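These are my notebook entries on one structure. I set out to look up a pocket, a residue and the packing of some helices.

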Amino acid sequence: MSTFAKRERLLLADLLEAEGPEAPTLCEGWTTRDLAAHVVVRERRPDAAGGILIKQLAGRLERVTAEFTDKPYEELIQLIRTGPPRFSPFSLKQVEEMSNTAEFYVHTEDVRRARPDWTPRELDPVFQDALWSRLERTARLMGRGAPTGLVLRRPNGQTSVAHRGTPVVTVTGEPSELLLFLYGRQNAAEVELEGDKDAVAKLHEAKQLGI
């Protein structure tokens, strides 16, 4: 049975292929080639991917990513499509579903929303619920650097505290949009912010959201 992670993986691969290697993304300084290399390294080179979170491994991550960035773009796309090798933790269905559903959704939007003529995807309620579930599990981690208190709220009233503190800013939107906001794509997320005016401005421009 197809999973959300697999669906988003194939959507991302198709989009990267269609856009070509030099298209812009929402990731500052990254083209589609850079993004493709990042995705491949993350799930195929765990010896280097730890540098995403561990500063001591950042140099190794940079070197390995540069090696993959130099590979033919078509090869990177194919590696994304075929998925991780057997030795990768991401080859386990449960791990991939938990780790890649949100990751691939966000990176697909990184490419889509970098275009001036982008329009929101219509996402079904089941997928929105799946994104909310992942958002609840990672909210504290992704929001730990927020400069204000941060509460995420769905249109149906469900809430999740991403960061405790004062003053508090409440960000309201569909789970898919809240996910983009929490991953540091504030300017591209279709959400509403409520709270102290200065706190709202500070949170909207914060660089510390996400990993």
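Entry 1, terms. I take contact to mean heavy atoms within 4.5 Å. I also note that the model is a predicted one.

I located Thr32 in helix H2, which spans 32-44. Next I listed its contacts, leaving aside neighbours within four places in sequence. Thr32 is in contact with Leu16, Glu19, Gly20, Pro21, Glu22, Ala23, Pro24 and Thr25, and also with Tyr73 and Val111.

Rolling a probe the size of a water molecule over the atoms shows where empty space is left. I noted about 1,500 Å³ of space in the largest pocket. Its lining comprises 47 residues, and those closest to the pocket centre are His107, Tyr183, Arg185, Gly210 and Ile211. By class, I recorded 24 nonpolar, 13 polar and ten charged residues in the lining.

Which helix gives the most to this lining? I found that H6 does, with seven residues. Helices that each supply at least two residues include H2 (32-44), H3 (46-49) and H4 (58-69), as well as H6 (93-112) and H7 (125-142).

Two packed helices are described by the angle between their axes and the distance between the axes. I read that the axes of H6 and H7 cross at roughly 110° and come within 10 Å. H6 is therefore roughly perpendicular to H7, since angles of 65 to 115 degrees count as such. On the H6 side I listed Glu97, Met98, Thr101, Ala102 and Tyr105, which meet Phe127, Leu131, Arg134 and Arg137 in H7. I sorted the residues of this contact into five nonpolar, one polar and three charged.

I then turned to helix H1, residues 4-19, which packs with H7 at an angle of about 100°, the axes being 12 Å apart. H1 and H7 are therefore roughly perpendicular to each other. From H1, the contact involves Phe4, Arg7 and Glu8; from H7, it involves Val126, Phe127 and Ala130. I classed four of the residues in this contact as nonpolar, none as polar and two as charged.

How values were computed
Residues numbered from 1 in each chain as written. Predicted model: local features only at pLDDT ≥ 70, side-chain atom pairs only at ≥ 80, totals over all residues. Heavy atoms only, no water. 1 Å grid on protein atoms, 1.4 Å probe; cavity = no way out; pocket = protein on both sides within 12 Å on 5 of 7 lines; lining within 4 Å. Points joined across faces, edges and corners; volume = space filled by probe spheres on them. Helix = DSSP H or I, 4+ residues; strand = E, 2+ residues; numbered from the N terminus. Nonpolar A, V, L, I, M, F, W, Y, C, P; charged D, E, K, R; others polar. Axes fitted to C-alpha atoms, helices over the stretch in contact; angles between N-to-C directions. Parallel < 35°, antiparallel > 145°, perpendicular 65-115°, else oblique.
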